[in-house]
2 protein chains.
Amino acid sequence: MAKKRIGVVLSGCGVYDGSEVYEAVLTLFFLDRIGVDVVCMAPDIVQTRVINHVTGQETGEQRQVLLESARLTRGKIRALNDVMASDLDGIILPGGFGAAHNLSSLASDGANAWVVPELSSLLLALYQAKKPIGAICIAPAIIARVLADQGITVTIGNDSATAGVIGQTGNRHETSRVDQVVIDETHHIVTTAAYMCATSIGEAGIGIEKLVKAVVERA
Amino acid sequence: MAKKRIGVVLSGCGVYDGSEVYEAVLTLFFLDRIGVDVVCMAPDIVQTRVINHVTGQETGEQRQVLLESARLTRGKIRALNDVMASDLDGIILPGGFGAAHNLSSLASDGANAWVVPELSSLLLALYQAKKPIGAICIAPAIIARVLADQGITVTIGNDSATAGVIGQTGNRHETSRVDQVVIDETHHIVTTAAYMCATSIGEAGIGIEKLVKAVVERA
């Protein structure tokens, strides 16, 4: 039997301007341990900003989301607009500020955010095909934005501002702890808070491992 | 009782010009799960090169090893020259080309390579204090270079060229598989091949988990 194919959407490399590295790598680790085929992808666009990860200040550099994401995949990555829903049995979005600054404008626009069109259409096609969607940390807010008014249930932990944004999309936020996942069985959506709540990589890993397992089981 | 303090030496962020990301993150993950205090550090120097991780070509950009390494630590990192052997109960060096290009000149100079002086003196002080040293992938060759003619035994898997370099330092190479660690009990040195041999992150994780456990037990 062919292995299940799970997509992982990256948004750069580094929590403050790209993918949260621990969330991305642990997702890849747990997927590989289960034994699925992983398809890493990122949009081929310029990063909204580049942050010095020691000072937290913008550096003024210009970096490409796809090339920086490739640092998380040992170079093996596809441009998001080359990936079709039919290539995948499920998808997972790790978090990090890249999700809110590069994949979408959530950080500045909340419930009115744009989402990169190739991501938006891929997520919608997977949703319509009833293939499972997993999202970690802030990324569940992207799912809520793309699937506005579908009545889906997601978690980003217990941050009331972000939970409010999710409510404004016409969807439901469920409060959770870092070691939990929220599974919306009706809509095939699995979410976990990870670094919206986590105080260590080990803590984040507990929810991420559960999320990966739940997505693969439903793929 | 105070927690054990284990240092992790980073060399940038990305396998082709910095730390191998999976080796670094899995080291941090397994250390955190055991429950030790982790001290991440990197030299505050300019990277020897910056590589486009999709094409493998040099980009001509200039990046700092410390700042890029901070992407792997959510910003929490110390400059190598600020860390003393007395701050640590043991140390681990993940691999990646950053180990052979930024922490040392192993990639070009083999057994005659320079090693960043603050790393060299820290490793030597830890060795003299009989604190355990762990090294992953290509990094065991740095240990062999710093501890020339000490008769230590390390592994980098089964790459004959690198094994030859280790032999030229007056130390011993032991061939190993990706799921093994080599423990030199006399010299308190633990090594594993990881991405010198690994074909997947899950495979690399097997040896890295064993290495982390062995270092912490001896710390």
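A salt bridge is a side-chain nitrogen of Lys or Arg within 4 Å of a carboxyl oxygen of Asp or Glu. The exercises below use a predicted model.

**Exercise 1.** Find how B:Arg63 and A:Glu68 meet, and give the count of salt bridges between chain A and chain B.

*Solution.*
Step 1. The side chains of B:Arg63 and A:Glu68 have an N to O distance of 2.8 Å.
Step 2. The cut-off is 4 Å, so the pair forms a salt bridge.
Step 3. Between the two chains the count is six salt bridges.
Step 4. Polar contacts between chain A and chain B come to 18 residue pairs, both residues at pLDDT 80 or more.

**Exercise 2.** Describe the contact between chain A and chain B by residues and by area.

*Solution.*
Step 1. Chain A brings 37 residues to the contact and chain B brings 36.
Step 2. About 3,100 Å² is buried between the chains, and carbon and sulfur atoms give 59% of this area.
Step 3. On the side of chain A, the residues that lose the most area to chain B are A:Phe29, A:Arg71 and A:Arg74, together 27% of what that side buries.

**Exercise 3.** Is B:His101 buried or exposed?

*Solution.*
Step 1. Locate B:His101: this residue lies in helix H3 of chain B, residues 97-101.
Step 2. The relative accessible area of B:His101 is 17%.
Step 3. Buried means under 20%, so B:His101 is buried.
Step 4. Leaving out residues up to four places away in sequence, B:His101 touches B:Thr48, B:Arg49, B:Ala107 and B:Trp114.

Conventions
Residues numbered from 1 in each chain as written. Chains lettered and ligands numbered in written order. Predicted model: local features only at pLDDT ≥ 70, side-chain atom pairs only at ≥ 80, totals over all residues. Heavy atoms only, no water. Helix = DSSP H or I, 4+ residues; strand = E, 2+ residues; numbered from the N terminus. Buried < 20%, exposed > 50% of the residue type's maximum accessible area, 1.4 Å probe, protein only. Contact = heavy atoms within 4.5 Å. Buried area = accessible area lost by both parts, 1.4 Å probe. Polar contact = N/O pair within 3.5 Å; in protein donor to acceptor, adjacent residues only side chain to side chain.
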